[in-house]
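Me: Please show me the sequence and the structure, and then let us go through some questions about them.

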Amino acid sequence: MISDDPKFEVGDLVLFRDDYMGDMVEGLGIIITGPRLMFSHDWQEHKGYPNNFWAYDIKIGNELFRMIPEEFLRGLGNEA
């Protein structure tokens, strides 16, 4: 399902998707900032693509990861 709305909110628990990050980052993360519009584009020839791409700041353990694209993440307990 393609959606232009952000999938996550502050406080949501997330994991990095294996197909993007592999084993590089392990552990449960928490979204610490609201969604930020990273990129917006009106696809004239590809109507199935989303127009808005969102990013979040995530804290995993003692590390802060900034501007992580929504596509790199999956929600805990769902397949967002």
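This is a predicted model: local features need pLDDT of at least 70, side-chain atom pairs count only at pLDDT 80 or more; totals for chains, interfaces and linings use all residues.

Me: Is D57 buried or exposed?

Reply: D57 is found in strand 4, residues 52-60, where strands are DSSP runs of E of at least two residues, numbered from the N terminus. Buried means under 20% relative accessible area, exposed over 50% and partly exposed in between, with a 1.4 Å probe and protein chains only. Because its relative accessibility is 2%, D57 counts as buried.

Me: Which side chain does the side chain of D57 join in a polar contact?

Reply: A polar contact is a pair of N or O atoms within 3.5 Å; within protein, one must be able to donate a hydrogen and the other to accept it, and residues adjacent in sequence count only if both atoms are side-chain atoms. At 3.2 Å, the partner of the D57 side chain is that of R66.

Me: Is R66 buried or exposed?

Reply: R66 lies in strand 5, residues 63-69. Its relative accessible area is 54%, and therefore R66 is exposed.

Me: How many bridges pair strand 4 and strand 5?

Reply: Two strands pair if DSSP finds at least two bridges between them. Strand 4 and strand 5 pair in the antiparallel sense, and the number of bridges is five.

Conventions: Residues are numbered from 1 along each chain as its sequence is written. Side-chain values use heavy atoms; hydrogens and water are left out. Helices (H or I, at least four residues) and strands (E, at least two) are DSSP runs, numbered from the N terminus.
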